[in-house]
Amino acid sequence: MAQAGSVYPPLEDRPVKETICLFDVDETLTPARRAASPQMLQLLSALRHKCAIGYVGGSDLIKQQEQLGTPAINVTSLFDFCFAENGLTAFRLGQPLASASFIGWLGEDKYKQMVNFCLRYISEIDCPVKRGTFVEFRNGMINISPIGRNATVQERQDFNKFDEEHKIREKFVAALKEKFPDFGLTFSIGGQISFDVFPTGWDKTYCLQHLEHEKEISGVNYKTIHFFGDKTHKGGNDYEIYEDSRTVGHAVSGPEDTMKAVRELFAL
């Protein structure tokens with residue numbers, strides 16, 4: 001990042017007052033599961049001199065480090081707020097905030113019931129290829145992939161096209177809702193190959209509580225929260241935060257579209 005070493009104004013001294021830009025990760029800041037471009041990182045750095053910036057993604061911090069950081073630069077130093085797993089793992093100015101646990105909320109017995117059902121269901125799905133890591137356990141959620149998260153970039157793209165036609169993930173989610181109607185869970189399709197499962201209310205709007213607490217820390221009351229995301233349709237993992245009354249939603253079609261929107265909004 002060209003300006004990674006920049007000294008940014010304190011949050012309360014950013015020129016665009018009481019404003020933060022929050023970004024989804026996959027297909028908003030980066031191509032799906034790939035690294036952000038140098039141009040994107042330079043633009044984010046320039047934006048950070050004007051207002052607060054943060055990201056909110058469903059993946060864990062390790063994956064976001066791979067996509068947004070470098071071996072020498074920690075991703076938590078590149079954003080004012082880092083919200084992994086929808087904000088269930090969160091950082092403010094490089095320091096960790098309180099986290100929450102999916103397994104602690106759901107309980108081991110219910111978790112095993114659901115995972116066993118998913119593995120049986122996946123065994124009967126007929127898709128072009130299957131790889132590994134069909135159920136990924138995270139701190140604040142689980143991620144389920146009919147093809148497996150070990151798929152290559154090309155295999156992910158092929159599955160995404162196959163899924164658009166055959167609605168594999170949509171049908172899988174419907175089956176889970178029918179099987180476990182009383183578990184209090186939300187199922188959110190995102191990216192190219194998977195969907196997230198988390199307690200209702202633990203979608204991306206979960207991270208907004210951390211921003212609301214900022215006025216108690218620095219005195220900044222974020223009255224304008226711009227959110228940029230690609231899966232903003234109902235059932236997509238950006239839908240809830242995009243539609244939330246506390247945010248100004250911007251639907252984008254990829255990283256280039258995100259950069260265009262940011263430049264226009266902030267004259268960068």
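The model is predicted, so local features need pLDDT of at least 70 and side-chain atom pairs count only at pLDDT 80 or more, while totals for chains, interfaces and linings use all residues. Residues are numbered from 1 along each chain as its sequence is written, and side-chain values use heavy atoms, with hydrogens and water left out.

Let us start with some naming: helices (H or I, at least four residues) and strands (E, at least two) are DSSP runs, numbered from the N terminus. Strands of a sheet pair through backbone hydrogen bonds, either parallel or antiparallel. Here, two strands count as paired if DSSP finds at least two bridges between them.

An open sheet of 7 strands runs in the order E5-E4-E3-E2-E1-E10-E11, and its pairing is mixed. Strand E5 (95–96) and strand E11 (248–251) stand at the edges with a single partner strand each, so one side of each has no neighbour in the sheet. Strand E10 (residues 224–229) pairs with E11 in the parallel sense over 4 bridges. Within E11, Gly249 is the bridge partner of Phe227. Helix H10 (residues 255–266) packs on this sheet and touches strand E1 (19–23), E10 and E11; contact means heavy atoms within 4.5 Å. The direction of H10 makes about 155° with that of E10, where axes are lines fitted to C-alpha atoms, for helices over the stretch in contact, and angles run from 0 to 180 degrees between N-to-C directions.

**The sheet of 4 strands**

Another open sheet has 4 strands in the order E6-E7-E9-E8, with antiparallel pairing. Its edge strands, E6 (135–137) and E8 (185–190), each pair on one side only. From one strand to the next, the twist averages 25°. Strand E7 (residues 142–144) and strand E9 (residues 194–199) are joined in the antiparallel sense over 3 bridges, and Ile144 stands opposite Phe195 in E9.

Helix H4 (residues 108–123) lies across E6, E7, E8 and E9, at about 155° to E6. Helix H6 (residues 168–179) also packs on the sheet, touching E7, E8 and E9, and its direction makes about 175° with that of E8.

**A look at helix H6**

The buried residues of H6 are Ile168, Arg169, Phe172, Val173, Ala175 and Leu176; buried means under 20% relative accessible area, exposed over 50% and partly exposed in between (1.4 Å probe, protein chains only). On the other side of H6, Lys171 and Glu178 are exposed. The buried residues of H6 pack against H4, E7, helix H5 (153–166), E8 and E9.

**Salt bridges**

Side chains of opposite charge can pair when their charged atoms come close. The structure holds 18 salt bridges, each being a side-chain nitrogen of Lys or Arg within 4 Å of a carboxyl oxygen of Asp or Glu. Among them are these:

| Pair | Closest N and O atoms |
|---|---|
| Glu136 and Lys63 | 2.9 Å |
| Glu136 and Arg138 | 2.8 Å |
| Arg169 and Asp163 | 2.7 Å |

Glu136 forms a salt bridge with Lys63. Glu136 lies in strand E6 and Lys63 in helix H2 (residues 61–68), so the pair ties together parts that are 73 residues apart in sequence. Glu136 counts as buried at 14% relative accessibility, and Arg138 is buried with a relative accessible area of 3%. Arg169 and Asp163 are both buried too. Finally, a network of salt bridges links Asp60, Lys63, Glu136, Arg138, Arg149 and Asp196.
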